[in-house]
Amino acid sequence: MKTILRNIALCAFSFCSIATYAQQDRNVVFHMSDKTTKTVSLAGVDSLTFEKAVRTPLNLDLEIHSTYIKEIMTCSDPNMSYYVSYLEKELFDEYYPTDDKLIAEDKQWIEEMAKSYDSSVADMVKSWTYQGNNEEYQANLLPGHEYVVWMHGMDENANSTTPVTKIAFRAKDVDRIANTVTLTAEKTAEGINVTASPDDKTKNYTLGFFPTSKMRDEMTGMPQGTRDYMQTGISSSLYDYLVSNEMSRFFENNAFQGDANITYTNPSRNTEYYIVAAYLDDDAAICSDISQITVNRDGSLSDVTMVKAPAKFLGKTVRRHAK
């Protein structure tokens with residue numbers, strides 16, 4: 001068998017035309033280590049080279065939800081450090097057309113973090129990389145948006161030691177429900193008193209109050225609509241509950257069931273606010289229309305309006321390092 005392969009290789013690099021050698025009835029038979037064979041036709045082949053396969057000890061699997069993902073990371077080299085991050089796909093495709101550019105920026109980011117914290121690059125690599133087999137969560141996702149997760153080995157100088165492993169995925173869409181939360185509000189001496197009355201008192205819902213001037217992505221400054229702003233805030237608060245496997249406590253601490261009454265005290269003058277309420281599903285994704293009351297700059301209150309789910313999910317997120 002070795003003689004056959006050697007002869008084929010020599011022929012491939014000789015001045016002879018392999019097209020002449022590889023007649024229609026010529027095949028190469030590979031005898032595999034499991035005692036099976038594989039036959040490959042040489043018809044139409046005009047060159048033959050042998051390349052060494054590049055292997056990586058890293059493997060990445062994802063458990064995908066609408067507001068977060070669980071990353072299952074395995075590494076066959078227990079002494080190797082590796083780096084993991086993610087970005088919305090639209091931005092990833094724009095910023096990182098090649099793996100070399102991605103690797104260079106990962107190194108630059110580690111170096112900048114080391115300067116910012118007055119630390120060594122080696123210590124920063126240790127803080128932001130993993131070893132062995134690990135499970136990690138990335139929260140702060142918006143339902144229906146596309147993202148890319150990547151990983152690669154990293155030495156103590158923040159140089160890449162393996163090829164880049166990338167997985168593109170789409171966060172799950174949300175199953176919308178027809179239920180709504182009825183809101184009423186009135187001005188009092190203490191502030192703005194809000195009553196929420198859900199039509200299904202067994203389901204979890206969120207109730208919030210925020211100035212409209214804050215409805216921008218905290219990292220990019222890009223404007224956000226009511227749904228994306230609310231969902232970003234909800235999703236970003238999930239991480240601690242996910243890593244402690246206490247998702248139920250998130251709803252206990254951050255959601256409501258049944259009627260609720262809250263007074264929002266001391267709203268600032270000449271500031272516009274939204275009072276909002278909407279149902280949440282088991283992933284803490286907003287799954288209903290949003291009931292919304294506007295507190296105008298003069299302090300007056302608007303009637304309740306309904307913010308419908310958009311036909312398409314728009315907007316961008318920015319790079320998050322969750323470790």
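Contact here means heavy atoms within 4.5 Å. The model is predicted. In it, helix α4 lies across β5 (81–88), β8 and β9, and runs at about 75° to β8. The strands β6, β5, β8 and β9 belong to an open antiparallel sheet. Elsewhere, strand β4 pairs with β3 and with β7.

**The four-stranded sheet**
- The sheet has 4 strands, in the order β6-β5-β8-β9, with antiparallel pairing.
- Its edge strands are β6 (130–131) and β9 (165–170), each of which pairs on one side only.
- Strand β8 spans residues 146–153 and is joined to β9 by 6 bridges, in the antiparallel sense.
- M151 stands opposite T165 in β9.

**Helix α4 and D106**
- Helix α4 covers residues 99–116, and D106 is found in this helix.
- D106 has a relative accessible area of 0%. The cut-off for buried is under 20%, so D106 counts as buried.
- The side chain of D106 makes a polar contact with the side chain of W150, at 3.0 Å.
- D106 and S85 are 21 residues apart along the chain, and their C-alpha atoms are separated by 9.2 Å.

**Helix α5**
- Helix α5 takes in residues 121–128, with M124, V125 and W128 buried.
- These residues sit on the same side of α5, because they cover an arc of only 105° around the axis.
- An α-helix has 3.6 residues a turn, so residues three or four places apart point the same way.
- The cover over the buried residues of α5 includes β5 and α4.

**Strand β4 and its partners**
- Strand β4 (residues 69–75) is mostly covered, with 5 of its 7 residues buried.
- On the β3 side, 7 bridges link β4 to residues 58–64 in the antiparallel sense.
- L58 has C75 in β4 as its bridge partner.
- β3 and β4 form a hairpin, with 4 residues between them.
- Strand β7 (residues 134–138) runs antiparallel to β4 and is joined to it by 5 bridges.
- M73 has N134 in β7 as its bridge partner.
- Strands of a sheet pair through backbone hydrogen bonds, either parallel or antiparallel.

**T294 in strand β15**
- T294 lies in strand β15, which spans residues 290–295.
- With a relative accessible area of 12%, T294 is buried.
- Neighbours within four places in sequence aside, T294 is in contact with E272, Y273, Y274, S300, L301 and S302.

Methods: Residues are numbered from 1 along each chain as its sequence is written. This is a predicted model: local features need pLDDT of at least 70, side-chain atom pairs count only at pLDDT 80 or more; totals for chains, interfaces and linings use all residues. Side-chain values use heavy atoms; hydrogens and water are left out. Helices (H or I, at least four residues) and strands (E, at least two) are DSSP runs, numbered from the N terminus. Buried means under 20% relative accessible area, exposed over 50%, partly exposed in between (1.4 Å probe, protein chains only). A polar contact is a pair of N or O atoms within 3.5 Å; within protein, one must be able to donate a hydrogen and the other to accept it, and residues adjacent in sequence count only if both atoms are side-chain atoms. Two strands pair if DSSP finds at least two bridges between them. Axes are lines fitted to C-alpha atoms, for helices over the stretch in contact, and angles run from 0 to 180 degrees between N-to-C directions. The arc is that of the directions from the helix axis to the C-beta atoms.
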